Amino acid sequence: MGSVANVSADQWLAAASHRRSVYPLKGTSSVSDARVQEIIQKVLSFAPSSYNTQPVRITLITGPKHKQFWDTIIAAAEPVLKGISEDVWNAMSPKFQLFKSAYGSILFWESGNTIKESGETHKSAAHMFAEFGDHANGMHQILVWTALSLEGLGANLQHLNAIPPVEAAIKKFAGVPEDYKLKAHLNYGDEATEHPATPGKLPFSETLKVIS
């Protein structure tokens with residue numbers, strides 16, 4: 001079989017390896033909202049899921065709405081984090097402001113109803129569909145993130161579903177169905193600093209085993 005669009009495996013891997021967690025982001029995007037939406041739609045059109053159950057849902061929030069979105073997050077998080085300690089809130093508050101300074105947000109959800117229906121349809125694998133959903137969500141996340149990186153944008157992935165009241169506030173802001181479960185949240189925008197270097201990795205002797 002021939003290559004797809006003349007892109008080699010090495011070129012594809014180089015694109016994937018360019019993606020980094022970028023935290024200092026500007027409140028601007030050199031890529032149009034329409035183009036970001038197009039990228040998300042393309043990923044949704046081909047990204048795999050077990051049994052093609054398609055449990056992933058995505059919400060795109062841009063511009064001033066992104067700022068309002070983060071105001072909602074901060075308002076929900078502050079009493080929880082202060083309830084732990086003022087030190088925790090003081091440590092997290094600047095990070096929230098950093099995330100708020102970005103241009104947009106991409107929310108990755110899992111449709112609980114789809115997971116439930118998939119288990120009912122494929123009963124022998126029912127106990128696995130929550131895990132399958134995580135696999136599918138992760139693939140959607142990395143594909144969108146890599147594509148944005150190739151377009152010249154920076155992004156960082158957050159998991160604010162770790163704070164239940166925050167997830168509830170996010171769901172209300174986004175107006176999603178009750179069965180949706182937030183899996184991750186990608187902040188994006190133009191990079192405000194130099195693109196981060198690739199971090200060190202463990203030696204292959206610890207991470208790869210070849211049996212032949």
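This is a predicted model: local features need pLDDT of at least 70, side-chain atom pairs count only at pLDDT 80 or more; totals for chains, interfaces and linings use all residues.

Phe69 is a buried residue, with a relative accessible area of 1%.

**Tyr51 and Phe132**
- Tyr51 and Phe132 make a tilted aromatic pair, with 6.4 Å centre to centre and 40° between the planes.
- Tyr51 is located in the loop between α2 (33-46) and β1 (56-62), while Phe132 belongs to helix α6 (residues 129-150), so this pair ties together parts 81 residues apart in sequence.
- Tyr51 is partly exposed at a relative accessible area of 47%, whereas Phe132 counts as buried at 18% relative accessibility, because the cut-off for burial is under 20%.

**Phe69 and Phe173**
- The ring centres of Phe69 and Phe173 are 5.4 Å apart and the planes stand at 55°, so this pair is tilted.
- Helix α3 (residues 64-84) contains Phe69 and helix α7 (residues 164-174) contains Phe173, so the pair ties together parts that are 104 residues apart in sequence.
- Phe69 is buried at 1% relative accessible area, whereas Phe173 is partly exposed at 30%.

**Ring cluster**
- Phe69 and Phe173 also belong to a cluster linked by ring pairs, together with Tyr23, Trp70, Trp89, Phe96 and Phe99.

**Charge over a ring**
- Arg19 lies over the face of Trp145, at a distance of 4.3 Å from the ring centre.

Terms used
Residues are numbered from 1 along each chain as its sequence is written. Side-chain values use heavy atoms; hydrogens and water are left out. Rings of Phe, Tyr and Trp (its six-membered ring) pair if their centres lie within 6.5 Å; planes under 30 degrees apart count as stacked, over 60 as edge-to-face and the rest as tilted. Helices (H or I, at least four residues) and strands (E, at least two) are DSSP runs, numbered from the N terminus. Buried means under 20% relative accessible area, exposed over 50%, partly exposed in between (1.4 Å probe, protein chains only). A charge sits over a ring if NZ of Lys or CZ of Arg is within 6 Å of the ring centre and within 35 degrees of the ring normal.
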